[in-house]
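Me: I'm new to this one and would like to talk through its aromatic rings. Can you look at it with me?
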Amino acid sequence: MGKPTGFMEYNRLDGPVVSEEKRIENFNEFHGVLDEESRRKQAARCMDCGVPFCQAGMMIAGMASGCPLHNLVPELNDLVYRGCFKQAYRRLSKTHSFPEFTSRVCPALCEAACTAGLHGASVSTKENEKAVIEYAFENGLVKEEIPEIRTGKKVAIVGSGPAGLAAAQLLNRRGHSVTVYERNDRIGGLLRYGIPNMKLDKSVIDRRIKLMEEAGITFITGVNICGSKKKGNDAPGLILDKVKNVSADELKKKYDAVILACGASNPRDIKAPGREAEGIYFAVDFLGRVTKSLLDGSDIRDKVQGKDVIVIGGGDTGNDCVGTSIRLGCKSVTQLEMMPKAPDTRTVSNPWPEWPRICKTDYGQEEAIYKFGHDPRIYQTTVKEFVYETVPAAETNGKASGEIKRLKEVIIQALEPKKDDKTGRMMMVPVEGTEKTLPAQLVLIAAGFLGSESYVTEGFGIQVDKRTNVKTEIGHYEAEASVKDENAGKPDTPGAVREAKIYTAGDMHRGQSLVVWAISEGRNAAREVDKDLMGFTNLL
């Protein structure tokens, strides 16, 4: 511990942030960095406490407390305090695949569990990590390991999000030949087409992918892996209008192991009357299209500009939709949340080091308050009906092409918590007589995800649980096989021999979660695959 009294001598100081007035003019990242002296003082605030919950990554009261990657946070902070950034990078890279991603988009589980946060402000570990990884890139320290010997084993990874990339990184270091398949036109999965540029600039992804390619990993885009060559082209989140379909059987015959890291990419819908109206989109589709337009240099502003936008969902994705809509010139934006407003501070029933269940005003809401003068969130509310008007469709070559149902309003309704007599669970139920009408020409559904997409799991013949997450033994990553069809010979059982073992990682395995959990899952799955292929593993 470099400075035992640091947490008493220095107050927490975060990096500079571009004002709402300036940052809504573009999609640039808006969090700046402190100078080196100030950063070292912030790292000095770490007290190297006897039980560092910051790196525990354990579940407490059903919620994660501390980093699931088990980064040795006090050691890292001590090295930053001493100005040893090179050594700090080496320490961080032992446990972390991509600090440049989490230091931008992670909600900082480490900081929520920081002992200093019990009675004051937690250590700025997230910004410390960003300072370390950016120093490493600027000084040429970040290099993907190129194996001296190849094992002769081939591994396919389906999905190029954080879980797939983390698994690819470790398996390639081990000497296996790794091919990553992505159904969209660019590598990155959720990182690229689910997180807006102002939170994660895509050049940050590109520089890492370049290093991974140079280390021998093969990336193939525009390919959809599915059970039938006729399925998958209309999947939510698919940016390309058409992809090349490759059957799961082809992969199982070609590779020694297959890791499915396709994400929890089945969005939850809102089944209200009028849902068929034009102008209602899943958030994952909307955010992806906006990012693609920015990358391609095209203009998508006319899809949002001057419109009243309703965002259904109060999580990070809903917030991203708010910030994106403001940047695209919306007339107004309203965010509907089904649940009651969380308390502003911890309650007695939510003590440290549990994850704090408190109300957070994120960047999108801050920008809405600046732009429109009020918080965009309406709590305990849902959509009862989508109201549309029928108008002639645009003419094509001088000929009318029918009619379209164009969204114009939504009818919202208040909700109240009530206990279900059968299950005993609290449910949010509609309150009669509370209906209100809001203008809306664009609705973005950010109501979460229901798990994996069936065309993938069915194609690979694997079981899913009741939440449609891929089923595995607890603590393991090999997918449990479902019963094979009659033409396959005899029935299959979990653990039976197949052309290639099928594994899973990330949101497809644990359900919708954080980037840091996806990276942890990818690393753990890589270790299991390596052990099964080689009889042992030396992957850290």
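Me: Let's start with F85: is it buried or exposed?
Reply: Keeping in mind that this is a predicted model, F85 counts as buried, because its relative accessibility is 7% and the cut-off for buried is under 20%.

Me: And which ring does F85 pair with?
Reply: F85 forms an aromatic pair with Y135, and this pair is tilted, with 5.3 Å from centre to centre and 35 degrees between the planes.

Me: Where do those two lie?
Reply: F85 lies in helix α5, residues 85-95, while Y135 lies in helix α8, residues 125-138, so the pair ties together parts that are 50 residues apart in sequence. Y135 counts as partly exposed, at 31% relative accessibility.

Me: How many aromatic pairs does the structure hold?
Reply: The structure holds five aromatic pairs. One of them is F53 with W352, whose ring centres are 5.2 Å apart and whose planes are at 75 degrees, so this pair is edge-to-face.

Me: What does the pair of F53 and W352 tie together?
Reply: F53 is in the loop between α3 (36-44) and β1 (58-60), and W352 is in the loop between β11 (332-336) and α15 (363-372), so their pair ties together parts that are 299 residues apart in sequence. F53 is buried, with a relative accessible area of 19%.

Me: Changing topic, which ring does the charged end of R510 sit over?
Reply: The charged end of R510 sits over the ring of W517, 3.9 Å from the centre of that ring. The charged end of R275, in turn, sits over the ring of F282, at 5.4 Å from the ring centre.

Methods:
Residues are numbered from 1 along each chain as its sequence is written. This is a predicted model: local features need pLDDT of at least 70, side-chain atom pairs count only at pLDDT 80 or more; totals for chains, interfaces and linings use all residues. Side-chain values use heavy atoms; hydrogens and water are left out. Rings of Phe, Tyr and Trp (its six-membered ring) pair if their centres lie within 6.5 Å; planes under 30 degrees apart count as stacked, over 60 as edge-to-face and the rest as tilted. Helices (H or I, at least four residues) and strands (E, at least two) are DSSP runs, numbered from the N terminus. Buried means under 20% relative accessible area, exposed over 50%, partly exposed in between (1.4 Å probe, protein chains only). A charge sits over a ring if NZ of Lys or CZ of Arg is within 6 Å of the ring centre and within 35 degrees of the ring normal.
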